[in-house]
Amino acid sequence: MSAQTDIKRITVPQLRARKGEAPIVTLTAYTTPMARLLDPHVDILMVGDSLGRVVYGLDSTLGVTLEMMINHGKAVMRGSRRACVVIDLPFGSYQESPEVAFRNAARVLSETGAQAVKLEGGAEMAPTIAFLTQRGVPVMGHVGLTPQSINTLGGFRTQGRDDATARRVLADAEAVARAGAFSVVVEGTVETLAREITTRIPIPTIGIGASPSCDGQVLVIDDALGLVADFTPKFVKRYAELGPLISEAAASYAAEVKARKFPGPEHCFGAPPPPPRVRPNHER
Ligand code: KIV
């Protein structure tokens, strides 16, 4: 990345002011090269704890640590200069108390230079969101399907199909907004609920599996690029199929190495190309 002086990022207040305006474009990123590629196209680069699944091959996000989030957050900051970078607080780093949440959120912001943190939860997390925002930590909320609660939710199910759940998720979004979050991810909800939340709360909603009614959208980059071979949820659109391309490239490389076609003379330093290999007697 170029000098710090070239860096002019989209700010949290600018995003907050986008409510009802041009949709907020968000993608996840976990590494410097990917951040470089995505940065010109998005408003927010989200260092999501989805990295547990797509980078580390974990079954859930529960094993993701603060250290992982900080390291990947630094990498994304190094690769970007325009997007607002938001980093997930991982499971166990904020639920215990507002004070613990502040300590960990402060580490994330001071060690990475990112502008905001995201945390999952609704009404029960409102006091923590208020504590953080009043102390200079911008917070993005996350309601609806909250993957860190997989064990209490009992699986990844679309939220809001029944009235009671829809009312709870709406109340969660309202509580998060009242507590001072600058925006909120709405994940895995039926369209009517996403629309109602977006209409009712004064902060931008960023949808994932929550319909186009939201104020913005987010996708996990590995899903959008077709890098994940297993199950693709209905709400994911694969904008490319990079998995098979990578596999083909690896197969070509392996074939060329085995056939001694790579490296070719153009990839060698100084020395003339090696003489053709003389087959030993026992191979003749
Ligand atoms: O972990 C993540 O990447 C997320 C987004 C998909 C919203 O929470």
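Figure 1. Strand S5 (residues 139-144) runs parallel to strand S6, and five bridges join the two; strands are taken as paired if DSSP finds at least two bridges between them. Helices (H or I, at least four residues) and strands (E, at least two) are DSSP runs, numbered from the N terminus. The model is predicted: local features need pLDDT of at least 70 and side-chain atom pairs count only at pLDDT 80 or more, whereas totals for chains, interfaces and linings use all residues. Residues are numbered from 1 along each chain as its sequence is written, and side-chain values use heavy atoms, with hydrogens and water left out.

Figure 2. Buried means under 20% relative accessible area, exposed over 50%, and partly exposed in between (1.4 Å probe, protein chains only). In a regular strand the side chains alternate between the two faces of the sheet. In S6, Ser183, Val185 and Glu187 point one way, Val184 and Val186 point the other way, and all are buried. Six of the six residues of S5 are likewise buried, so S5 is largely enclosed by the rest of the structure. For the chain, buried residues make up 49% of the 284 residues.

Figure 3. Strand S4 (residues 116-118) runs parallel to S5, to which two bridges join it; the bridge partner of Lys118 in S5 is Met140. Lys118 also forms a salt bridge with Asp88, with the closest N and O atoms 2.7 Å apart. A salt bridge is a side-chain nitrogen of Lys or Arg within 4 Å of a carboxyl oxygen of Asp or Glu. Because Lys118 lies in S4 and Asp88 in strand S3 (residues 84-88), the pair ties together parts that are 30 residues apart in sequence. Both Lys118 and Asp88 are buried.

Figure 4. Lys19 lies in the loop between helix H1 (12-16) and strand S1 (24-28), and Asp215 in the loop between S7 and S8; the two are 196 residues apart. At 8% relative accessibility, Asp215 counts as buried. Arg53 and Asp223 meet in another salt bridge (3.2 Å, N to O). This pair links helix H3 (residues 51-54), which holds Arg53, to helix H10 (residues 221-224), which holds Asp223, across 170 residues. Arg53 is partly exposed at 36% relative accessibility, whereas Asp223 is buried at 9%.

Figure 5. A pair of aromatic rings is described by the distance of the centres and the angle of the planes. The structure holds one such pair: Tyr253 and Phe262 are edge-to-face, at 5.9 Å centre to centre and 65 degrees between the planes. Rings of Phe, Tyr and Trp (its six-membered ring) pair if their centres lie within 6.5 Å; planes under 30 degrees apart count as stacked, over 60 as edge-to-face and the rest as tilted. Tyr253 belongs to helix H11 (residues 242-258), and Phe262 is partly exposed, with a relative accessible area of 32%. Together with Val257, these residues form a nonpolar surface patch of about 270 Å² accessible area. Patches are made of residues with over 30% relative accessible area and no salt bridge: like charges are joined within 9 Å, nonpolar side chains (Val, Leu, Ile, Met, Phe, Trp, Tyr) within 5 Å. Accessible areas come from the Shrake-Rupley method with a 1.4 Å probe; for residues, only the protein chains shown count as cover.

Figure 6. A cis peptide bond, with omega about 0 degrees, joins Phe262 and Pro263; Pro263 is in the segment after H11. Arg260 also lies in the segment after H11 and has a positive phi near 55 degrees. Arg260 is exposed, at 62% relative accessibility. Ser211 has a positive phi near 85 degrees and sits in the loop between S7 and strand S8 (216-219). Ser211 counts as buried, at 18% relative accessibility.
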